[in-house]
Amino acid sequence: MMMKKTGLAAVVALALGVTACSSGDDKDNGGTAEFNAADASIVNQSAKTGGTLNLALSDDWDSIDPGNTYYAFSWNFARLYGRALTTFKPAAGKDGLTLVPDLAQNLGEVSDGGRTVTYKLKPGIKYEDGTPVTAKDVKYAVARTYARDVLPNGPTYFVDLLDAGTYTGPYKNTDINAFTGIQTPDDTTVVFKLKQPFGDFDFLVSSPQTIPVPQAKDTGAKYQEHPMSTGSYKVDTYEPGKQFVLSKNPNWDSSDPNRKQLVDKIDVKLKVNAEDIDNRLLAGSLDADIAGSGMQAAARSRVLSDPNLKKNSDNTFTGRLWFFVMDEKVAPFDNIECRKAVQYATDKVALQTAYGGPIAGGDVATTMLPPTIVGYQKFDLYATPESKGDVAKAKDALTRCGRPDGFETKILLRADRPNEVAAGEALQQALGKVNIKAEIRSVPAGQYFTRFAGAPEYMKGNQIGIAFHGWQADWPTGYGFLQQLVDGRTIKAQGNTNVQEMNVPEINAMFDKAAASTDAKERETIYGQIDKAAMEHASVVPFLYGKGLLYRNPAMTNVFISYPFGMYDYVGLGKG
Amino acid sequence: MAGFVIRRALGAVLLLVVTSMVTFAIFFVVPRLAGQTVDQLAAQYVGKDPSQAEIEATKVKLGLDQPITVQYGRFVKGIVAGREYSFGPSTEYCPPPCFGYSFKTQRPVWPDLVDRMEVTASLAFGASVLWLLAGVSIGVLSALRKGSFFDRAAMITALAGVSLPIFFTGLLSLALFLPTGVSYVSITDDPLAWAKNLLLPWITLAFLYAALYARLTRAGMLETMGEDYIRTARAKGLPERIVVTRHALRATLTPILTVFGLDIGLLLGGAVLTESTFSLPGIGRYAIDAINNNDLPQVLGVTMLAAFFIVVANLIVDLLYAVADPRVRLS
């Protein structure tokens with residue numbers, strides 16, 4: 001269905017090849033606009049104020065409550081109306097991966113062998129109504145994320161890491177002192193108590209779950225109707241499925257180095273048809289697509305074929321890795337040589353084509369860590385000519401596996417993802433060249449991890465050897481990216497993301513070593529080692545570092561790609 | 001007449017009850033036949049990587065731990081008498097008709113439906129006026145000039161209208177005439193902007209339906225114009241205008257009214273493709289999201305609303321029969 005729609009849209013675009021596009025004429029905003037310019041530099045730098053930033057989203061937020069959201073665009077955008085303890089440096093390129101203090105004065109001060117992390121709040125920070133932010137509000141913000149029956153959407157890292165016993169959130173027991181995971185000795189000090197050391201903790205507190213929430217204003221699931229702002233903008237209205245409007249926060253601390261307050265208003269239209277978003281972008285009535293996942297096929301071909309439009313676009317890494325895995329508990333993939341046979345047989349270029357080619361799909365991947373993640377090292381353990389597969393090497397591996405005549409297996413994928421279906425068929429074809437007969441089994445995406453790929457019993461019971469997968473880190477380090485994928489202790493009965501059931505004690509130990517390290521350089525080295533060790537185990541076949549073609553309205557100022565989020569950085573945008 | 005209306009109203013209520021039961025059964029029974037457990041159902045509403053304790057808490061909160069009959073009973077009670085819902089620190093009363101709270105957005109379903117109703121009704125009624133006027137007029141003229149250039153051109157256009165899907169004509173018309181997109185403005189805020197913004201969706205939707213109605217009217221008119229009573233009317237010396245409008249068209253209108261009732265009822269339940277193509281926040285978009293999110297309260301709300309509109313539209317059509325065709329008597 002999606003494919004048909006995209007195809008038709010392409011026909012429409014071709015039919016409209018002559019349609020005028022007024023926005024193609026770039027407005028003069030410094031003249032720095034060129035293809036991919038926002039990937040490594042800040043396009044149209046300007047301090048000009050006023051105007052409205054018009055954004056759109058083809059879907060909707062899971063919740064605009066900072067404590068109850070888990071989309072990358074949402075975490076990026078939440079920084080407009082909330083200040084977490086830390087955030088990412090507002091800079092283009094890899095510099096943007098640097099963590100800087102936001103609500104806190106400095107990064108965390110680690111003590112007690114890594115089990116205590118302390119932050120001092122900056123003085124004078126207020127909510128939109130003028131009341132001061134206190135350490136207790138940060139504590140309360142984290143405490144409420146324990147109430148998973150009320151706020152189910154966010155991640156559970158604090159629940160997993162903090163030493164808070166069986167605490168179940170502030171709604172069943174309103175006494176915040178019952179929450180022992182955080183201590184607040186005074187109004188400006190927040191002390192996190194961890195069960196065990198966690199080296200990436202500064203990254204963890206950059207999540208919107210540490211954006212302060214005053215207990216008196218908390219309305220639980222209804223808090224999303226008006227979260228209290230500490231950022232440069234405040235929420236005016238949020239109408240699910242319709243629009244989300246923000247205006248300037250009069251009590252924002254203007255000494256804040258991490259965000260700007262240039263436009264008067266930010267208007268996000270929700271549930272706008274994806275093709276409609278592209279049309280609006282090219283017509284200039286929209287400034288950016290907030291999801292940051294890239295343009296649709298029709299608009300993409302139009303932009304890439306018109307130099308005037310192309311110079312306002314960026315082909316950037318989304319931070320997402322596309323890969324497939326082989327379940328090590330399902331024969332014959334319990335034998336590493338059979339896994340290697342698949343590694344060598346895979347035609348990664350065919351899979352890249354299935355995902356839309358290098359611009360829409362991404363670059364061919366050889367590692368689990370994408371290039372925009374801290375710890376990435378370039379290597380290729382299973383190199384094949386032009387990444388198109390090597391039949392001879394694959395057959396050698398099959399012989400070593402004791403299956404010289406090949407074998408039969410099943411490929412699991414999401415039926416409602418056309419790219420994945422096409423990739424599954426391409427893989428099936430490539431495996432067929434070495435006599436691995438793969439049957440494709442398609443299941444609904446909505447239950448992929450709760451019932452199918454994420455349920456080891458289902459995988460084993462149905463003899464599913466291969467399953468497609470995609471992943472994006474919650475924070476851009478090797479730990480944030482890899483731990484849920486290859487740490488054997490994360491394997492669970494449902495919702496399992498270590499689908500290949502990789503459980504290698506040496507790899508698990510490396511995660512512990514990285515978590516205990518207070519040296520960022522050492523952690524970075526370990527992440528690279530984990531990536532290599534996991535690839536040596538051969539049960540994961542990364543094939544694409546995801547990319548998308550983003551379009552920026554030439555009228556937009558201070559535009560750059562945020563590497564941690566893989567999309568435009570929203571906190572400093574203005575209009576020229 | 002009164003007895004007819006009461007009987008139909010009771011029938012409508014029965015139909016709505018059956019619809020809600022079938023929707024409930026489809027939501028709960030069919031997935032279970034395919035092997036889905038209640039835990040797996042609940043896990044969809046707890047976010048990523050839920051623990052068993054979180055799943056249990058969610059089951060209790062959403063009432064999924066109760067037998068289906070109890071859940072259905074609560075649903076019916078909510079519609080009739082309202083129910084209470086916990087938001088964490090506080091509990092709120094949801095007044096009748098309470099279709100419950102969305103499993104995903106945790107917002108009450110009924111106010112969201114009412115909110116979106118204006119968009120869908122604006123789209124449906126505006127487009128229906130256009131397609132009735134255009135469709136019936138073209139159908140009558142085609143029938144009266146059968147075989148002419150106009151007739152052939154109109155029927156080829158009608159065939160195109162029926163054949164081309166809305167998302168094709170919609171995207172094409174957007175790209176050609178309104179690349180900046182459609183922004184819905186409430187009729188109460190600015191009637192002119194309301195009409196201006198909806199004009200393109202109206203025309204696109206009406207293009208499809210007008211084509212159907214033109215073909216339907218043409219066929220009906222051709223059949224009626226050959227009837228004996230038309231010949232008699234002409235023999236009596238009635239002007240052709242009177243013969244066509246009072247005698248032929250009136251008889252042709254009966255089947256058109258039937259189809260119109262169904263169409264308008266269906267559209268009020270959500271013009272799914274048109275709303276999606278033009279990014280209009282109506283019932284149709286709501287329905288798509290409800291289904292995609294596997295959100296039972298939303299699915300039930302949309303289904304019941306759509307069924308209600310179809311039933312009401314049909315009732316109105318039945319009443320109009322008596323006006324359009326004097327041979328029909330409601331009893």
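I shall start where the two chains meet, noting first that what you see is a predicted model. The contact draws 42 residues from chain A and 39 residues from chain B. On the side of chain B that touches chain A, the elements giving two or more residues are helices H2 (38–43), H3 (52–62), H7 (166–177), H11 (272–277) and H12 (283–292) of chain B. Which of them gives the most? That is H7(B), with 7 residues.

Let me now turn to chain B as a whole. Chain B contains 13 helices and 2 strands. Its C-alpha trace spans about 85 × 55 × 45 Å along the principal axes. Chain B has 331 residues, of which 40% count as buried. If we take the contacts within chain B between residues at least 6 apart in sequence, 66% of them join residues at least 24 apart.

As background, most peptide bonds are trans, and most residues other than glycine have a negative phi. With that in mind, please look at two peptide bonds and then at two residues.

In chain A, the peptide bond from A:Ala331 to A:Pro332 is cis, with omega near 5°. A:Pro332 sits in the loop that runs between strand E12 (313–326) and helix H10 (336–345) of chain A. In chain B, the bond from B:Pro96 to B:Pro97 is cis, with omega near -5°. Where does B:Pro97 lie? B:Pro97 belongs to the loop between strand E2 (91–94) and helix H5 (109–144) of chain B.

The two residues are asparagines of chain A. A:Asn36, although not a glycine, has a positive phi of about 70°. Its place is the loop between helix H1 (2–15) and helix H2 (37–40) of chain A. Why does A:Asn36 count as partly exposed? It does so because A:Asn36 has 15 C-beta neighbours inside 10 Å, whereas a buried residue needs 20 or more and an exposed one has 12 or fewer.

A:Asn435 also shows a positive phi, near 65°, and is a residue other than glycine. This asparagine is found in the loop between helix H14 (418–432) and strand E15 (436–443) of chain A. A:Asn435 has 17 C-beta neighbours inside 10 Å and therefore counts as partly exposed.

Thank you for your attention.

Conventions
Residues are numbered from 1 along each chain as its sequence is written. Chains are lettered from A and ligands numbered from 1 in the order in which they are written. This is a predicted model: local features need pLDDT of at least 70, side-chain atom pairs count only at pLDDT 80 or more; totals for chains, interfaces and linings use all residues. Two residues are in contact if their C-beta atoms, placed from the backbone, lie within 7 Å. Helices (H or I, at least four residues) and strands (E, at least two) are DSSP runs, numbered from the N terminus.
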